[in-house]
Amino acid sequence: MNLAEGVQIVSLGVLAFLMLATSLGVVLLDNIVYSAFLLGGVFISISGLYILLNAGFVAAAQILIYVGAVNVLILFGIMLVNKRQDFTPVRNAWLGKAATAIVCFGLFALLSTMVLATAWPISSGPIAGDAALVEIGKHFFSDYLLPFELASVLLLMALIGAIVLARREFLPEEMVDSTDEVLTLPERRRELTSTPRQ
Amino acid sequence: MELQYFLLLAAALFCIGIYGLVTSRNAIRVLMSIELLLNAVTLNLMAFSNYLDPMVIRGQVFTVFVITIAAAESAVGLAIVLSIYRNRDTVDMEQFNLLKW
């Protein structure tokens with residue numbers, strides 16, 4: 001990274017503020033559509049942090065996969081599950097939230113003391129920089145070849161599993177009767193599809 | 001000193017993600033909180049890769065793997081949420097008692 005030190009510090013501060021604010025919005029806002037859009041903000045600011053960490057390729061992959069695929073998938077999920085229901089209030093819900101908040105603050109305190117107390121062996125050697133892409137490619141096809149191939153098998157399994165889980169086996173009764181309409185995609189019961197239509 | 005900034009940031013993101021994971025009642029928000037957790041972990045990995053291992057960058061390789069797994073996880077998770085929504089007609093986490101005994 002060829003930026004000056006001050007520019008790096010300022011952009012780190014701006015990105016950190018953006019990331020924390022948007023992630024708090026994801027967790028705390030009531031409207032889930034706002035949460036989904038703010039989640040895109042979290043992903044984009046994290047990819048900015050990756051650029052500060054001299055990793056342009058992973059930053060681009062982060063934007064492509066998270067904002068382009070995962071966030072859009074979550075938005076589709078929200079639209080498919082668009083039931084406007086008010087959740088029935090649970091008794092003493094604030095107690096659980098307060099306890100969770102205390103536990104999370106404690107975890108953060110523990111982690112931050114650990115981070116600040118550890119003497120990290122910071123390397124002062126050369127930085128890969130723009131050659132990182134070549135290095136990642138070498139890793140993928142030499143010492144991380146087996147995880148790389150397993151990842152492709154896992155993606156195929158996830159694809160098939162998602163289709164099998166989300167596929168609607170049959171339509172409810174009132175929709176089965178109206179399948180002779182044009183421009184609809186009939187997904188009838190299996191035993192109905194095998195019988196000849198009148 | 002900059003490594004600590006990134007680690008603290010990742011720790012804060014992780015704690016926010018855990019808070020959302022435990023307290024949210026919409027099942028899709030739980031999936032979003034899991035994405036926040038995964039992003040906190042990858043931010044840690046990238047910081048270590050840049051400051052402790054800048055020439056061999058194994059952390060970036062692991063980050064790419066984590067991003068891959070996260071994409072698969074969110075696809076399967078949303079499929080499970082859709083299938084539960086069809087069967088139970090709700091996405092309220094308090095009303096899912098499928099795995100209780």
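Visitor: Which domains does the domain assignment of chain A give? After that, I'd like a close look at the salt bridges.

Guide: Quick background: this is a predicted model, where local features need pLDDT of at least 70 and side-chain atom pairs count only at pLDDT 80 or more, while totals for chains, interfaces and linings use all residues. Residues are numbered from 1 along each chain as its sequence is written, chains are lettered from A and ligands numbered from 1 in the order in which they are written, and side-chain values use heavy atoms, with hydrogens and water left out.

Chain A gets domain 1 (1-84) and domain 2 (129-169), with bounds that come from an automatic or database domain assignment. Taken over C-alpha atoms, the centres of these two domains of chain A are 22 Å apart.

Now for your close look. A salt bridge here is a side-chain nitrogen of Lys or Arg within 4 Å of a carboxyl oxygen of Asp or Glu. Over all chains, the count is two. One of them joins Arg25(B) and Asp92(B), at 2.7 Å from N to O. Arg25(B) sits in the loop between α1 (2-23) and α2 (27-51) of chain B, and Asp92(B) in the segment after α3 (58-88) of chain B, so this pair ties together parts 67 residues apart in sequence. (Those helices are DSSP runs of H or I, at least four residues, numbered from the N terminus.) Arg25(B) is buried, at 17% relative accessible area, and Asp92(B) is buried too, at 0%. Buried means under 20%, exposed over 50%, and partly exposed in between, using a 1.4 Å probe and protein chains only.

Arg58(B) and Asp53(B) also form a salt bridge, at 3.3 Å from N to O. Here Arg58(B) is partly exposed at 38%, whereas Asp53(B) counts as buried at 19%.

Terms used:
Helix = DSSP H or I, 4+ residues; strand = E, 2+ residues; numbered from the N terminus.
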